[in-house]
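Biologist: Hi! I'm new to reading structures. Could you walk me through this one?
Modeller: Happy to, let's bring it up.

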There are 2 protein chains.
Amino acid sequence: MGSLNGIKILDLTRVLAGPYATMVLGDMGAEIIKVEMPERGDDSRFFGPHINGESAYFMSINRNKKSMTLNLKTQEGKEILQELVKKCDVIVENFRPGTMEKLGLGYDEIRKVNPRIIYAASSGFGHSGPYSKRPAYDAVVQAMGGIMSITGHDMPTRVGASIGDITAGLFTTIGILSALYNRNLTGEGQKVDVAMLDCQVAILENAIARYLVSGEIPGPKGNRHPSIVPFENFETSDGEIMIAIGNDNLWKKFCMIAHREELIEDEKYKSNPLRNENYESLKIIMDKIMEEKTTEEWQHIFDEEGIPNSPINSVDKVIENEQVKSREMIVEVDHRVAGKTKIPGIPIKMSKTPGKIEKAAPTLGEHTKEILEKYLTYDEEYINELRNNGVI
Amino acid sequence: MGSLNGIKILDLTRVLAGPYATMVLGDMGAEIIKVEMPERGDDSRFFGPHINGESAYFMSINRNKKSMTLNLKTQEGKEILQELVKKCDVIVENFRPGTMEKLGLGYDEIRKVNPRIIYAASSGFGHSGPYSKRPAYDAVVQAMGGIMSITGHDMPTRVGASIGDITAGLFTTIGILSALYNRNLTGEGQKVDVAMLDCQVAILENAIARYLVSGEIPGPKGNRHPSIVPFENFETSDGEIMIAIGNDNLWKKFCMIAHREELIEDEKYKSNPLRNENYESLKIIMDKIMEEKTTEEWQHIFDEEGIPNSPINSVDKVIENEQVKSREMIVEVDHRVAGKTKIPGIPIKMSKTPGKIEKAAPTLGEHTKEILEKYLTYDEEYINELRNNGVI
């Protein structure tokens, strides 16, 4: 039993930000009814690579969901959606702002049908402001929101995962859950409006403060931490290792391990602000220390002494990592067309109501009949008629 | 009125992952009681830059919170914590696993005192598995979890924001809210265990599927999208612009704008899978097209035609961006020691119970007396005694 069992979510989202949010809600036990355009479906069904014609991209973020087709441009399609709105707790969409209103399905219409519903919208720039109607994708908000400008070695760099979409998905999830909590108290739903750009600003955290205090525009800092030293990767005698000396105690330990006890009380390095100030000279000392041993030797010593460290793993190594395996963070699911595939597991481990990956991503329209029968008690004949008319 | 008004959160967290989670919960209206070690406080109070001795880093993620000092290593300190547990809905900590148990304050003890409490733990590797007791920082889980290996131009690159901490903070928030929702149904609390490493695996999304399907280990792809083309930044005649052609309709529009209509039906480029396959030759064509105009000319044309695009903004530009301003994503707060500072706003916009930034981050122990009087009805004399004994 998941913590959100019983919650029904009408999911009009496509590609990543919205589907990521409903994936997390589905993992927690909510029933996700994914509404897709007949014949075409979610754009991401076309993103490669494919297995037996099924997109690996789509499959990795749509597990646990049910798919029904519904053409929202037809009058019957709109009516069916509104009937489903009456039966659901949450509706989520990530269209460009204005799209739902144009369909006659904006929040003002939806809440007339069901005032208890929570209407969540995840969009590039949000439902207000001068950029509101502009289209966006992950790369656009990563560029606009500043994270690219502080990532990289000597030039702005896109984060390799679609962090613009994913953080928007997570904040949307938080908005929905907060609204559900509040609905339990008040009986009323509300609209949750999350913009990918806003989320990029939110995850800049101290970069904004650093700029405003120092007047210095933060640039890409390579692999170093902006304000903690030493906190980056170093070359060893046979490879690389990331170390993170996050406080003065760890610094003392490190100096002892390296047999450089004199550095502990050194006026240039004895506190983190000093190590920041004297980064350049310390880097030379660190480079020399670190190349004395192999990565594995350092790992072993650091693990013994509690110094945070890691090799830089590629995806194949991540999947094989014993901790990742032990936490069930790679899960095998059996897709009815693609067969057995592996996808990321659930990162929220709950003691009483653990999440569950019950089924692989749905094929397009796999549950259309089931949903229409279960929630709207349509009979087979009517369902066939809807299908013939291109409504579903 | 925030959606979580009335919820009381006992916050033992330090540095970033935990404080980020409780910041989001505080933004939504929960009361956050931040418990800090007397005299020292949260490690991040020592991270620069400082304004009048107050850390800008600390201030950017601890708004809306109350700070009380409490020495959990003293017997009275433990007892006071347990009294507070009785009054609170949630307790959050991000110590290394085992620390709370060693203090006699592990989940098994805490729930004896209050079975309705939600106990949330955010840690580097989680409360189970062979790495559980290891220390971690953002850079360590970014290295171990694979995101560094898929970020960058030609070598593994750390994401410039502490995405290891922040995503763990967001998943922890989701876990807490799910558990609160469930408690409304069942009356029972539970433990929520979130590992930074697990969250890194969760945000890899399709990179895992891509590797498992193709057998190819994903590497840093510069600024391109791993499976959508064209979706990266290009040089213009006077700078750079990011564009994101996320589907075939946008591709058609782009070809029309560029007066290269013949590309629309070109057998090498007419669909996204084909554009992926023929990336190299298309890149040459795109580079040529894009250098024909200035960044501003392209921006203007693309905005008119609805092609997703953006310049690559540095942090100063982000703060001045009209959309960011219009969405109130930069907020000024008045800190009683540091004075007026700007911090990121709230990215979850809720129509009925909007979040609110009511006050700047607390100074160390600013609310100790208030909390002890309000929740435990201690009198001034006793509070002074506790202070003299180093308990608070």
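Biologist: Let's start with chain B. In what order do the three strands of the open sheet come?
Modeller: Keep in mind that this is a predicted model. The order in chain B is β9-β10-β11, and the strands pair in the antiparallel sense.

Biologist: Okay, and which strands stand at the edges of that sheet?
Modeller: In chain B those are β9 (231-235) and β11 (309-310). Each has a single partner strand, so one side of each has no neighbour in the sheet.

Biologist: How many bridges pair β9(B) with β10 of chain B?
Modeller: Five bridges, and β10 covers residues 240-244 of chain B. To pick out one pair, look at Phe231(B), whose bridge partner in β10(B) is Ala244(B).

Biologist: Nice. Which helix lies across β9 and β10 of chain B?
Modeller: Helix α12 of chain B, residues 279-290. The helix runs at about 45 degrees to β9(B).

Biologist: Switching topic: what rotation superposes chain A on chain B?
Modeller: A rotation of 180 degrees, with 0.0 Å of shift along its axis, and the RMSD is 0.0 Å. That is how a two-fold axis relates two copies.

Biologist: And why do we say the copies meet through the same surface?
Modeller: Because 100% of chain A's interface residues are interface residues in chain B too.

Biologist: Last one: how is chain A divided into domains?
Modeller: Domain 1 takes in 8-203 + 323-388, while domain 2 is 231-313. In chain A, the C-alpha centres of domain 1 and domain 2 are 44 Å apart.

Notes:
Residues are numbered from 1 along each chain as its sequence is written. Chains are lettered from A and ligands numbered from 1 in the order in which they are written. This is a predicted model: local features need pLDDT of at least 70, side-chain atom pairs count only at pLDDT 80 or more; totals for chains, interfaces and linings use all residues. Side-chain values use heavy atoms; hydrogens and water are left out. Two strands pair if DSSP finds at least two bridges between them. Helices (H or I, at least four residues) and strands (E, at least two) are DSSP runs, numbered from the N terminus. Contact means heavy atoms within 4.5 Å. Axes are lines fitted to C-alpha atoms, for helices over the stretch in contact, and angles run from 0 to 180 degrees between N-to-C directions. Copies are superposed by least squares on the C-alpha atoms of residues with pLDDT of at least 70 in both. Domain bounds come from an automatic or database domain assignment.
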